[in-house]
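Visitor: I'm new to this one. Can we go through it together?

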Amino acid sequence: MKALVQRVNFANLKIDGEIYSKIEKGMLVLLGIEKEDSQKDIDYIVKKVANLRIFEDENGKMNLSVKDIQGQIMLVSQFTLCADCKGGNRPSFINAQIPEIANEMYEEVIKKIKETGICVEVGKFGADMKINFENDGPVTIMIESK
């Protein structure tokens, strides 16, 4: 499982030109779910995302989590994070989990993050989404459960 975490000042997600979800200061998290992923990977990603200290404290050091700043998370399923680009120029998505199982695992990640007390907004699984955001820093971090 892969989570691309971006520290943002805001993010909004549109489907068919209409705002579907939005957050203020917090994290935009793109989540790639792979065939080999299990509950262990879900637990690892949730713990890392919820506790990742990428927000500045009073001394300007990245020392605070999204929960510490009472920020929000926008979580979007992103199968293209599972791309294999080793052979040729066209990515292979053979490592991506099949949609039915990936959606179940995505919903479990949402549930587990909400259980930590963090406000979570989401995308719509499988939809054509447009995301507008302001990356703060910029700070972008890849978390991999393997």
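**A residue and its chain**

Guide: Start with Gln97, which is found in the loop between strand E6 (72-77) and helix H2 (99-115). Helices (H or I, at least four residues) and strands (E, at least two) are DSSP runs, numbered from the N terminus. This is a predicted model, where local features need pLDDT of at least 70 and side-chain atom pairs count only at pLDDT 80 or more, while totals for chains, interfaces and linings use all residues. Residues are numbered from 1 along each chain as its sequence is written, and side-chain values use heavy atoms, with hydrogens and water left out.

Visitor: Is Gln97 buried or exposed?

Guide: Gln97 is buried, because its relative accessible area is 13% and buried means under 20%, with a 1.4 Å probe and protein chains only.

Visitor: And what is Gln97 in contact with?

Guide: Leaving aside neighbours within four places in sequence, Gln97 is in contact (heavy atoms within 4.5 Å) with Ile33, Glu34, Lys35 and Ala102. A polar atom of the Gln97 side chain lies 3.4 Å from the backbone oxygen of Lys35.

Visitor: Now the whole chain. How many helices and strands?

Guide: The chain has two helices and eight strands. From the N terminus on, the order is β-β-β-α-β-β-β-α-β-β.

Visitor: How much of the chain counts as buried?

Guide: Of its 146 residues, 42% do.

Visitor: What does the C-alpha trace span?

Guide: Along its principal axes, the C-alpha trace spans about 45 × 35 × 30 Å.

Key. Buried < 20%, exposed > 50% of the residue type's maximum accessible area, 1.4 Å probe, protein only. Polar contact = N/O pair within 3.5 Å; in protein donor to acceptor, adjacent residues only side chain to side chain.
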